[in-house]
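Colleague: I have a model open on my screen and would like to talk it through with you. Could we go over it piece by piece?

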Amino acid sequence: MRAAGIDIGSRSVKLVVLRDGKIIHSAIADTGYDPQGVARGLLDQAAWDYVLATGYGRTMAQLHFQAPTVTEIKAHARGVRHSCTDCRTVLDIGGQDTKAISLTNGGKVTKFEMNDRCAAGTGKFLEIMASNLGFPLEDFGAQALRAEEMQQISSMCTVFAESEVTSAIAKGADRREIAKGLHMSVVRRATAMLKRVSLTSEVAFTGGVARNACLLHLLREELQLEILVPDNPDMTGALGAALLAAEA
Amino acid sequence: MSDENRRMWSELGLNLRAHDQLLSVLSNAYQDIYLSQQNRPESTSYFDDVMSEIHGQRIQELMREKQQGRKIVGSYCVFVPEEIVQAANATLVGLCSGADFAEEEVEKYLPRNTCSLIKSSLGFKLGRVCPFLEGSDMIVGENTCDGKKKFYETLSDLVPNMYVMDLPQMKSQQGRQMLRSEFYRFLEAMQDLTGFQVDATALRNGIRMVNEKRKAIHRLQSLRTADPAPISGLDALLANQIFLYEDPRRFAREVHKICDELEQRIERGEGVFPANAPRILVSGCPMAVPNWKVPHIVESAGAVIVGEESCVGERGNRNTTEEEGESLEELMEAVVDRYFGIDCAIFTPNPDRTEHILDMAKRYRADGVIHYGLQFCQPYLMESFGVEKSLEDKGIPVLRLETDYSQEDSGQLQTRVEAFLELLK
């Protein structure tokens with residue numbers, strides 16, 4: 001049997017299909033303005049027997065594809081354990097959500113923290129700031145990492161941070177140093193969340209933002225802990241959903 | 001809407017157009033949230049009737065009481081002693097505070113970072129859409145949190161009949177003494193308002209009447225300890241909400257009828273949700289009509305709410321007042337004792353509230369607790385950290401939510417609630 005997991009996120013839709021615990025297919029596409037159409041497109045291009053949906057668009061999937069659902073939190077917790085079998089703490093930074101999740105030895109979720117309505121400290125925040133500073137998003141982390149010093153950005157609110165960035169630019173600050181300061185503000189917020197759910201062992205870092213080298217570097221420095229990033233961190237939710245589908 | 005209602009609203013000075021919009025939003029929300037529920041006990045049709053006439057028949061009744069010489073007293077808090085109001089030949093009603101209204105107007109008076117409940121209270125006044133408020137002969141404010149204290153200063157410029165009751169902040173002898181003297185001052189004010197001299201008989205009758213409606217809701221609450229729960233948390237919340245403005249005698253009678261039906265359901269092992277549905281206790285800030293947002297999300301996700309540790313819930317209604325005193329003085333002491341037991345977060349320290357939450361979690365066999373905090377409500381948000389720790393020390397999972405009356409965070413709340421239910425399994 002082929003078990004599929006589809007993760008309908010705010011930024012991208014991810015699909016993973018498993019057979020006998022092996023990934024036989026995976027795909028990712030921008031969510032754009034039509035998550036339902038994009039999800040259907042991905043599902044139509046793959047062969048699978050049953051599907052489990054997660055991500056903020058999961059309810060829509062339930063409605064239109066009759067797919068059962070799990071939350072992103074459970075999906076990420078499961079997905080992480082595929083490659084990192086002992087991990088008990090998960091940090092997931094996606095397009096509009098940041099989550100810190102604490103797991104039991106057996107991998108069950110015991111506690112989680114999640115940002116509320118605002119996009120502070122999420123992928124969206126970094127995207128807006130990269131564009132303000134004239135960096136392509138893919139290059140934002142690498143550029144920030146090259147700065148020796150960093151500009152302090154104290155606000156974690158996207159709107160207020162934008163004004164801080166504007167005034168730093170006006171003062172003639174180096175844009176890489178501003179970028180590094182912005183990354184640090186995300187790390188501070190993520191660290192606070194991780195500490196609230198308790199930090200027990202090595203931390204797995206998932207979601208699209210885990211591809212950002214500067215964030216990973218600063219997080220390691222700040223936590224003084226081993227941070228593990230799965231091979232395809234943005235696929236973790238879809239992989240978790242597929243694993244849960246296979247186990248159902 | 002009947003012409004009679006429209007005439008009444010117009011005489012009360014309501015903004016009819018805005019009021020029509022409010023009623024239509026309310027009716028749609030009720031339809032979507034309440035009437036869509038499965039397996040509702042039949043006798044809850046009483047709630048449907050009350051809600052459909054929330055600003056109609058009930059206001060007509062109050063206006064008739066006024067014509068017969070009774071006074072109407074409006075309040076925003078469960079610290080206002082209903083026994084004294086009843087004894088002085090007046091009727092107490094809770095005032096509208098459960099939905100955003102006239103938000104732009106409100107921001108001319110209050111800072112943005114004021115909780116939804118206070119903003120709503122002012123919005124209903126500025127928008128002229130609360131017939132309870134417009135029909136009140138006296139509006140009683142109480143010094144609970146700083147936000148409410150300062151809000152009553154604003155409100156007193158907008159209404160002709162504001163009365164502010166001071167409240168203690170510590171459960172000390174001096175604190176009790178202060179509440180006692182404030183209740184005596186309130187008794188005087190009520191007598192001045194109605195011209196009715198309160199004696200022991202009148203106060204005893206007032207106490208009995210209020211106790212009767214409390215006993216009815218206590219019975220309802222005790223039936224929710226059954227597994228599967230015989231009534232939804234949404235319906236039980238509604239009972240607690242209308243408790244604050246419905247005719248007390250009719251409320252007691254109708255709630256007992258609902259309890260009769262619930263007892264039969266329990267006997268048959270019939271629940272409103274399947275027997276394995278996770279059981280949730282909600283604790284924290286009050287939810288006034290029509291603030292059904294979080295309970296709706298929780299119960300739509302397949303869990304059942306079995307108790308409310310809230311002013312609109314067990315914190316507000318849990319103790320009855322001793323009826324046995326002979327003299328007016330003895331009965332007044334009993335009233336003071338009853339209200340001094342309310343474990344509101346304005347008190348410091350406030351260990352009784354944590355004890356009560358732990359006790360409720362056990363009594364109602366809750367699998368988890370959701371702490372409901374209104375954004376910018378300092379007292380409850382601050383207590384939520386200690387409450388969370390006390391519960392987790394006992395192995396009870398907790399989800400702390402912080403939200404307001406808007407719907408924009410529904411998606412995120414839904415994810416958090418569903419993830420919380422997943423971890424309870």
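**Strands, domains and contacts**

Modeller: Let me begin with one pair of residues: B:I139 of β3(B) is the bridge partner of B:G74. Helices (H or I, at least four residues) and strands (E, at least two) are DSSP runs, numbered from the N terminus. This is a predicted model, in which local features need pLDDT of at least 70 and side-chain atom pairs count only at pLDDT 80 or more, while totals for chains, interfaces and linings use all residues. Residues are numbered from 1 along each chain as its sequence is written, and chains are lettered from A and ligands numbered from 1 in the order in which they are written.

Colleague: OK, and over how many bridges do β1 and β3(B) pair?

Modeller: Strand β1 (residues 71-75) of chain B pairs with β3(B) in the parallel sense over 3 bridges, where two strands count as paired if DSSP finds at least two bridges between them. β3(B) is also joined by 4 bridges to strand β4 (residues 162-165) of chain B, again running parallel, and B:V140 has B:Y163 of β4(B) as its bridge partner.

Colleague: What do β3(B), helix α9 and β4(B) make together?

Modeller: With helix α9 (residues 146-156) of chain B between them in the list, β3(B) and β4(B) make a right-handed β-α-β unit; right-handed here says that, with the strands pointing away from the viewer, the path from the first strand over the helix to the second runs clockwise.

Colleague: Why is β3 of chain B described as largely enclosed?

Modeller: Because 5 of the 5 residues of strand β3 (residues 138-142) of chain B are buried, the strand is largely enclosed by the rest of the structure. Buried requires 20 or more other C-beta atoms within 10 Å of the residue's own, with C-beta atoms placed from the backbone. In a regular strand the side chains alternate between the two faces of the sheet. Both faces of β3(B) are covered, with B:M138, B:V140 and B:E142 buried on one side and B:I139 and B:G141 buried on the other.

Colleague: Switching topic, what is the strand order in the sheet with β6 and β8 of chain B?

Modeller: That open sheet of 4 strands has the order β6-β5-β7-β8 (chain B), with parallel pairing. Its edge strands, each pairing on one side only, are β6 (304-309) and β8 (398-403) of chain B. Strand β7 (residues 368-374) of chain B pairs with β8(B) over 6 bridges in the parallel sense, and B:Y372 stands opposite B:L401 in β8(B).

Colleague: And which strands does α17 lie across?

Modeller: Helix α17 (residues 351-363) of chain B lies across β5 (279-284), β6 and β7 of chain B, and runs at about 155° to β6(B). Axes are lines fitted to C-alpha atoms, for helices over the stretch in contact, and angles run from 0 to 180 degrees between N-to-C directions.

Colleague: How is chain B divided into domains?

Modeller: Chain B has domain 1 (3-173) and domain 2 (204-319 + 345-424), with bounds from an automatic or database domain assignment. Their contact takes 40 residues from domain 1 of chain B and 44 residues from domain 2 of chain B, contact being C-beta atoms, placed from the backbone, within 7 Å. The largest share of the domain 1 side, 5 residues, comes from α5(B).

Colleague: Last one: how many residues does each chain give to the contact between A and B?

Modeller: Chain B gives 11 residues and chain A gives 12 residues. On the chain B side, the largest share, 8 residues, comes from helix α19 (residues 410-424) of chain B.

Terms used. Two residues are in contact if their C-beta atoms, placed from the backbone, lie within 7 Å. A residue is buried if 20 or more other C-beta atoms lie within 10 Å of its own, exposed if 12 or fewer, and partly exposed in between; C-beta atoms are placed from the backbone.
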